[in-house]
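Biologist: I am new to this structure and would like to learn how to read its features. Please take me through them one by one.

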Amino acid sequence: HNSNVLVFSYIGFEVSEVNVRGNNVIDVAMKLQTTSLNEVVVTGYTAQRKKDITGSVAVVNVAQMKQSPVGTGEEALQGRAAGVTIITSGMPGGQSDIRIRGITAFGNNSPLIIVDGARSSLHDINTNDIESMQVLKDASAAIYGVAGSNGVIIITTKRGRTGRAKVSYDGYYGVTTRGSGMEMANTQEEADAIWLQQK
């Protein structure tokens, strides 16, 4: 560097170089250093940088979640976030139980579901409408108070965009059968068995 140039540097600010030749008074205005954000996570009523969050937050990969042919939003979340357990009822289209970090209370253990800022249900939402999904597991859910004590799942749905209309259709179906089961005795056979037992 030129011997007449002073270099000013400070954490969080851009490096500033000032030519001091012939100047008795030097005024320096340093600019804040800005960096690009790779990921922003919605926590409560605000958005924070993921690296600034001290609590445990899981950001669900929505693109991978939609690859599973499932019927409900709970089933789509299954296996997509660490510490989140989905217990299915086995009934086609039936509601599933969501547990974040297991069963932590004697009463209700279901997490709080927030869809576009309003309390809602994950069961009734179409997975194709989901734009982003975050799971708040502990201190990050504190803004919701007691309602978020079992964790919070925040969902943002898609919005309309300018441009040409786009239509897509996905269809699938499932069948549940009772199975062969056991051969049951008829009325006479049951009576005969009871009669032989009494002898």
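**Reading the salt bridge**

Modeller: R159 is exposed, at 51% relative accessibility. Buried means under 20% relative accessible area, exposed over 50%, and partly exposed in between, with a 1.4 Å probe and protein chains only. This is a predicted model, where local features need pLDDT of at least 70, side-chain atom pairs count only at pLDDT 80 or more, and totals for chains, interfaces and linings use all residues. Residues are numbered from 1 along each chain as its sequence is written, and side-chain values use heavy atoms, leaving out hydrogens and water.

Biologist: Which residue forms a salt bridge with R159?

Modeller: Side chains of opposite charge can pair when their charged atoms come close. A salt bridge here is a side-chain nitrogen of Lys or Arg within 4 Å of a carboxyl oxygen of Asp or Glu. The structure holds one: D116 pairs with R159, with the closest N and O atoms 3.6 Å apart. D116 lies in the loop between β8 and β9 (118-119) and R159 in the loop between β11 (152-157) and α3 (187-198), so the pair ties together parts 43 residues apart in sequence. Helices (H or I, at least four residues) and strands (E, at least two) are DSSP runs, numbered from the N terminus.

Biologist: Is D116 buried, exposed or partly exposed?

Modeller: D116 is partly exposed, at 36% relative accessibility.

Biologist: And N109: is that residue buried or exposed?

Modeller: N109 is buried, with 8% relative accessibility. Its loop runs between β7 (97-100) and β8 (112-115). Beyond neighbours within four places in sequence, N109 contacts I98, R99, I103, T104 and N150, contact meaning heavy atoms within 4.5 Å.
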